[in-house]
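Please walk through the structure shown below, with attention to its helices, its sheets and the backbone geometry of a few residues.

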Amino acid sequence: MSNSPRDIRRGKTTSFYHNGKQICSAVKLTGGKHGFSHDLPVAALADSGTLYGVPNIIDAFVLIEALRLIFEKVIHDKVKRTLYFSSPYGAKHIKLNNELLSKSRSLFGLMPAILSHGHTLIMEGLPEGCNMGDRPSAWYFTTLEKFGVEIVTSKKDTRLIWKNRKPADITFDYPSMTATVIAIAAASVVDDTSSIKNASVEPSCLEELDCVKSMGVKVEGFLPDVRIKGVSKISGAEWHVLHDRVHACTYITAALLTRGTITIVADKNINIPRFVESIREMGVHVVDTGKSITAQFPEQGYLNPVRIDTGSEPLFSSDWMAPMVLLLATRAKGVSIITDNVFPDRLQCLDNLKKIGLDNVSVARTTIDGRRALTARIEGKPNITLRGGNIGECSDLRGATTLLLSALVADNEVTIQDDFHLRRGYEDLALTLEEICK
């Protein structure tokens, strides 16, 4: 079974109506967006590979579509959630057209794998994902150049070729997650030792390192600083995709919006310590055993206000910010402050939420540590009820998630006009919410 054009189409609506019940449920986490988009870039360095727990989301479908340009045999079973690939094509020109590039920024991570199989990579544009303002990409190409990749840019396209692989000493000025993915992948197929410093410590980057170690690549140290002794030829890869911890935060937030209780379970440690720390401060009763987390809304009937500064791991993740703003705005009592110096345009979803009555969040532009940032001031109204209706669309995944979650505090059905970005990270969030609200 494989993906079809319908899986990655735009213009599809999604609606959800909350039946008013408190969530009291358990959810098992499966392979997620970050896990797959970080595991595949290293698995695809091999001549063959099998991945388990592949998520049925648009970002995964796009990467698999690109994988078919590298390998003659690609079998994707959406029911079993497995992906098998083998028989790499001989050196050729591989073109990523604008249509494909417009669907997922995760394609950046696949660049080393394409080049390592001897292909010339031609990109008509740049991979695109969530529209959250300026998202620098120059450091991705700079990283590749340090490993010997030749890059020629014209008005028409960008061409990359990797004729002479060489080790690199990389020190990131900022711990970019995507740049870390690229650096790990490139270093893994250079038959020498490279060093990477001040890299991202995002758990899926740690998982990427474990994946390459299972493929015979030697890794010394721990992120953010590692030394990688690559292998120019890798025969095979086999790996289980890491669960999506953002989903854990989403489902916990959903339960708290209904003043309910939820248990999240996974095969590995869920690893959201800053999120757990924050909701505990809000008064939520939390039991975190590592592979399971139970969160229960406080008996006082409202959440305490908090101050949260988001940033790169190990800080409170910017990915969790927008749903948290909704939670504090509708279930907390008092003024909360949240800052973000990663994506200063993260809260575009507030324009949509204002249409259905969320008027108690104000956003100010500022600078934090020399980076553009935002500060959100949230005047909590723990008994507010939003209006249902067509809430429009949001051009980023986490904002779209927040729009659908707003149905849990609305008096009627909420409809997202175009759920393309939502489906980039969730198979069917509306269906999952419906199941856990029974």
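Contact here means that heavy atoms lie within 4.5 Å. The model is a predicted one.

A residue counts as buried when its relative accessible area is under 20%. The buried residues of H2 are Ile-58, Asp-59, Ala-60, Phe-61, Val-62, Leu-63, Ile-64, Ala-66 and Leu-67. Both helices and strands contribute to their cover: it includes helices H1 (33-43), H3 (98-101) and H13 (420-425), together with strands S4 (71-77), S5 (82-88) and S6 (93-96).

Two of these strands, S4 and S5, lead on to a sheet. The open sheet has four strands, arranged in the order S4-S5-S3-S14, and its pairing is mixed. Because S4 and strand S14 (236-240) each have a single partner strand, they stand at the edges, and one side of each has no neighbour in the sheet. From one strand to the next, the twist averages 5°. Within the sheet, strand S3 (residues 48-52) pairs with S5 in the antiparallel sense, over four bridges. In this pairing Gly-49 is placed opposite Phe-85 of S5. Helix H1, already named as part of the cover of H2, lies across S3, S5 and S14 and runs at about 25° to S5.

With a relative accessible area of 36%, Ser-87 is partly exposed. Asn-198 is another residue other than glycine with a positive phi, in this case near 55°. Asn-198 is located in the loop between strand S11 (193-197) and helix H7 (203-214). Its relative accessibility of 30% makes Asn-198 partly exposed.

Two packed helices are described by the angle between their axes and the distance between the axes. For H6 (residues 177-188) and H7, the axes come within 10 Å and cross at roughly 10°. H6 is therefore roughly parallel to H7, as angles under 35 degrees count as roughly parallel. On the H6 side the contact is made by Met-177, Thr-180, Val-181, Ile-184, Ala-185 and Ser-188, and on the H7 side by Cys-205, Glu-208, Leu-209 and Val-212. Sorted by class, the contact of H6 with H7 has seven nonpolar residues, two polar and one charged.

The next helix pair is H10 (residues 321-331) and H12 (residues 397-405). Their axes are 8 Å apart, and the helices pack at an angle of about 30°. H10 is thus roughly parallel to H12. The crossing of these two helices is right-handed. In the contact, Ala-322, Pro-323 and Leu-326 of H10 meet Arg-398, Thr-402 and Leu-405 of H12. The residues of this contact of H10 with H12 divide into four nonpolar, one polar and one charged.

A further open sheet has five strands in the order S19-S18-S20-S22-S21, again with mixed pairing. S19 and S21 are its edge strands, and each pairs on one side only. Strand S21 (residues 361-368) and strand S22 (residues 371-380) pair in the antiparallel sense over eight bridges. Along this pair, Ser-362 has Arg-377 in S22 as its bridge partner, while Val-363 stands opposite Ala-376 in S22. The hairpin of S21 and S22 has two residues between the strands, and Asp-369 in this hairpin takes a positive phi near 55°.

The sheet also gives the setting for a cis peptide bond. Pro-314 lies in the loop between strand S18 (307-311) and strand S19 (316-317), and the bond from Glu-313 to Pro-314 is cis, with omega near 15°. Elsewhere in the chain, a cis peptide bond joins Leu-223 and Pro-224, with omega about 25°. Pro-224 also has its place in a loop, here between strand S12 (218-222) and strand S13 (225-229).

Definitions and conventions. Residues are numbered from 1 along each chain as its sequence is written. This is a predicted model: local features need pLDDT of at least 70, side-chain atom pairs count only at pLDDT 80 or more; totals for chains, interfaces and linings use all residues. Side-chain values use heavy atoms; hydrogens and water are left out. Buried means under 20% relative accessible area, exposed over 50%, partly exposed in between (1.4 Å probe, protein chains only). Two strands pair if DSSP finds at least two bridges between them. Axes are lines fitted to C-alpha atoms, for helices over the stretch in contact, and angles run from 0 to 180 degrees between N-to-C directions. Angles under 35 degrees count as roughly parallel, over 145 as roughly antiparallel, 65 to 115 as roughly perpendicular and the rest as oblique. A crossing is left-handed if the near helix is turned anticlockwise from the far one by less than a right angle, and right-handed if clockwise. Ala, Val, Leu, Ile, Met, Phe, Trp, Tyr, Cys and Pro count as nonpolar, Asp, Glu, Lys and Arg as charged, and the others, Gly among them, as polar.
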